[in-house]
Amino acid sequence: MSGIIEQERYTCAIGALQSVVAIPRAVPILHSGPGCGNMIQGFFERSTGYAGGSTSPCTNFTEKEVVFGGTDRLRENIANTYKILDTDLQVVLTGCTAGIVGDDIEPVVEEFREDGKPIVSVETAGFKCSNFEAHSLVVNAVIDQYVSRFEEENPFRSEKNTVNLFASLPYQDPFWKGNLREYKRLLEGIGLSVHVLFGPESGGVREWQQIPKANFNILVSPWYGLPIAEHLEEVYGQPFTQYPNIPIGANETERFLRQVLAFANEQGAELDLDAAEKFIRQEREAYYEEIDNLATFLLEFRYGLPNHVHIVHDAGYVLGLSKFLLHEVGIVPKEQFAVDNTPKRFQEQIAAELQSASDKKVIPLTFEPDAGKVQDTIRSLHHGGRGLIIGSGWDKELAREKDYDFLSASVPTPYRLVMTTNYVGFSGGLRVIEDIYGAVLATYR
Amino acid sequence: MSKINLQIPEVSIREIRLGSITGFQGGAEELVNCSRCGLKDKSRSFSQCLGCSTSQAACMVILVQDAAVISHGPVGCSSCFHEFAFTYRVNSPLRGVEHPTQRKIFSTNLQETDTVYGGAQKLAKGIHEVYERTHPNAVFVLTTCAAGIIGDDVESVCGEAEEELGVPVIAIFCEGFRSKVWTTGFDASYHAIARKLIQPARERRSDMINVINFWGSDVFGDWFEAFGAKPNYITPYSTIENLRRSSEAAASVQICPTLGSYLGAALEQEFGVPEINAAPPYGIAQTDRWFRALGKLLHKEDEAERLIASKRAEYLPKIEALREKLRGKTAYVTAGAAHGHALLNLLGELGMKAKGAAIFHHDPIYDNENEESDLLVNRVKEYGDVPNFNICNKQEFELVNMLNRLQPDVLLARHGGMTLWGAKLGIPSLLIGDEHFSMGYEGIVRYGERILETIENDEFVKNLKQHAINPYTKWWLDQEPYTFLKGGAAK
């Protein structure tokens, strides 16, 4: 998976600076070439947050730092960051320049840490890995270098009904804010307290400090984020339960919540099962009231609605959307494409998970980070009826070529604004339906 | 000595070629005077994220209609390029491109092992693959910091691929760390295009004028009609064939001397296309000068005079009416060099007071070594000095401090990310995306009307101010804005 690629749908390791931006009042400090922050800002768009984008400090490597090293410049920049910006957590991230010339930044960061500063360093040279993987590097660095300083006040696994949630990757999942809010609401609905750690629903650094107290961890992801759950198991003895896809709509959300319920009680949580089931039932009934109301439209609208879909997204969304659209909307998933550079060792399991959605049809899944190649494949496919493509802004042009309907639901996309919309949960399913048919109906003039 | 040297693969960076700087505080007049006798750059002991040469180089080739572009680096170094694909599609109607094709943008996706063993082979293989997949009329290869430091011989790889494939495969050297002035990226693309693509003229076409530009609206078509000529917009929306033949134009004009400095000079010095040295048409006097220079060069002085007279008759009363409404209003300008100068000229023309400016860099002279091209010189001469003139490469912390201090009636910006702080401070803020919007006599009217509209409709910014989130410390906002500029106002 390391050949040339076209139309990347993810970015390089330093893109995980957005995971820092997503922690309230945290600041990424870049020790990198001049354009790195700009590139990441351009990839995600509208992603400045509290102190990202043009606000983030950066050493902006020049020839001088490439030749002589840039640690002095970094020290100066960090020291002045404290004077200029009012932040609760500082995370120093390295770029390719620092990585190749071999700047040893940890001793510099350690000087500030010894001074009591809440500062963390992490190596994220772009060539190291993708931002999907670097997200785990950043989170684990914060755990090791920051959270670990608060272990005494936060005894390991001391709150039986509290969990840490690792799900949406901030910004890489365009719906991360809304999704985290909805996960939290749903999990609270079954009786848990939840650390979501990122975004306005989190309690900022205070919540990070309390990570050790959680009884267990929930990982919602087919592969990314797994090193975080494994790391927490190792350092705090917290077990984790993994759900392989984004739970969208009623079936998947119920399955997700029941998996968590069962796991929680195995781990000694004391959740009221009847109350939890009552919550789930209420949510389901409200959901099906809408689907019931909608069904006539789905069945009878005579001017044409999509009957099949190609999804070009990360593996978690490909799974979640395919299952949802097949069973709860009636749109048949044809060839699907995971463009998140899924490591080989997870691919078989993910393909099996997708196939589990149907015992009647084969749903082919291709793992291909070269999204230009994916587009060429889709160009060559022909299915009867009206088609739908769910993907990034790049795919709008493809959809137009093929005369397919299009829903922009992945980065990068200049064609859609997302603020706090969620695709997760019962309500997320309804929102996906609104978005798809909103786009379809907008084609009628 | 000529600043253009097409013999070597890499362009000489602006700091060396032009003596450009990225740190200065003082007045515009002082800077203009210093520019003629050697400027010394200042560095900062605190800095925020800058722009990068590779993006500037990229936009000049991604928008070439029939080319493919490869970023030779880790995948992150091309991650903002999708924005140029959007630009290409959205602005194509402005340039009469009826069926805009998908942009072909690739990354060699360098991995850790490549930084150890080199990425040249991967690039060579990649160029062949890109050719097979897209059949472009040329392939442009952009270098990045990683490729530069590991020392891949990109020039040779491109040369070999060009021989094998039979289409131009052109290396553009635009590593971010090479220059603090990211507009060096434009020069890098132009250098490569002039060196490898533009052919010696077979004929001289009196009806074609090169317009070195971005992707703004087609205002030049109308203007040139009076001279019996058509614009040849380069390089965005051009084709490989049109670029090859840009040497045959009667003249070249630039929408912004910072952008077009290198290509304009290269076309004149290496291919004999005369450049209009008059700075671009911003403000009445400069617009007069620009049309006269154009008329003179095309031997159509009478046409120029007629055009000037009719445009003046039409627009001067409107400009005067705007002056009545805008007189005494204050503004702060933040923009790249030259375009920022252009906006300062417009402010002068509209009778507004410039309270200060943060301009991303400063070129003391352009590649044509002609002072007539300098819009800042023009500004100072025509409309007077600009106080608080800061050369500041998008250092938001300085901008915030300065705006908070000066509280102008309006903030005029040219680049993304800068208006936010005006709005957060409750200052009406205006960014015009179309580079050609405020040119010429009609541009003064258009821009003046937008300024007026922006100042009048301040409800949004006033509300935002009440709820603005501010990561800057109170301490910082109380300091002098240049505290962290070494040799600046404070210790």
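Reader: Into which domains is chain A divided?
Author: Heads-up: this is a predicted model, where local features need pLDDT of at least 70, side-chain atom pairs count only at pLDDT 80 or more, and totals for chains, interfaces and linings use all residues. Residues are numbered from 1 along each chain as its sequence is written, while chains are lettered from A and ligands numbered from 1 in the order in which they are written. The domain bounds come from an automatic or database domain assignment. By that assignment, chain A splits into domain 1 (13-145), domain 2 (159-270) and domain 3 (281-442).

Reader: Which helix gives the most to the side of domain 2 of chain A that touches domain 3 of chain A?
Author: The C-alpha centres of these two domains sit 24 Å apart, and 24 residues of domain 2 of chain A are in contact with 33 residues of domain 3 of chain A (contact: C-beta atoms, placed from the backbone, within 7 Å). Two elements give two or more residues to the domain 2 side, helix H8 (176-189) and helix H11 (249-266) of chain A (helices are DSSP runs of H or I with at least four residues, strands are E runs with at least two, and both are numbered from the N terminus). The biggest giver, with 7 residues, is H8(A).

Reader: And which element gives the most to the side of chain A that touches chain B?
Author: Here 56 residues of chain A meet 54 residues of chain B. Among the elements of chain A that supply at least two residues each are helix H4 (71-84), helix H16 (394-402) and helix H2 (36-44). The most, 7 residues, come from H2(A).

Reader: How many nonpolar, polar and charged residues does that side of chain A have?
Author: The classes go like this: Ala, Val, Leu, Ile, Met, Phe, Trp, Tyr, Cys and Pro are nonpolar, Asp, Glu, Lys and Arg are charged, and the others, Gly among them, are polar. Sorted that way, the side of chain A that touches chain B has 25 nonpolar, 23 polar and 8 charged residues.

Reader: Is Lys128(A) buried or exposed?
Author: Lys128(A) sits in the loop between strand E4 (119-122) and helix H7 (131-145) of chain A. Leaving out residues up to four places away in sequence, Lys128(A) touches Ala13(A), Glu123(A) and Glu112(B). The cut-offs are 20 or more other C-beta atoms within 10 Å for buried, 12 or fewer for exposed, and in between for partly exposed, with C-beta atoms placed from the backbone. Because Lys128(A) has 20 C-beta neighbours inside 10 Å, it counts as buried.

Reader: What radius of gyration does chain B have?
Author: Chain B carries 21 helices and 13 strands, and its C-alpha atoms fill a box of roughly 65 × 60 × 45 Å along the principal axes. The radius is taken over C-alpha atoms, and the globule rule is 2.2 Å times the number of residues to the power 0.38. For 491 residues, a compact globule would come out near 23 Å, which agrees with the chain B value of 23 Å.

Reader: Which helix does the chain cross through from E10(B) to E11(B)?
Author: Strand E10 (residues 353-359) of chain B is mostly covered, with 6 of its 7 residues buried, and it pairs in the parallel sense with strand E9 (residues 330-335) of chain B over 6 bridges. E9(B), helix H15 (residues 339-349) of chain B and E10(B) form a right-handed β-α-β unit (right-handed: with the strands pointing away from the viewer, the path from the first strand over the helix to the second runs clockwise). On the E11(B) side, 3 bridges join E10(B) to strand E11 (residues 389-392) of chain B, also in parallel. That β-α-β crossover is right-handed too, and its helix, residues 375-383 of chain B, is H16.

Reader: What is the phi of Ala338(B), roughly?
Author: Ala338(B) lies in the loop between E9 and H15 of chain B. It has 31 other C-beta atoms within 10 Å and is therefore buried. Though Ala338(B) is not a glycine, its phi is positive, at about 70°.

Terms used
Two residues are in contact if their C-beta atoms, placed from the backbone, lie within 7 Å. Two strands pair if DSSP finds at least two bridges between them.
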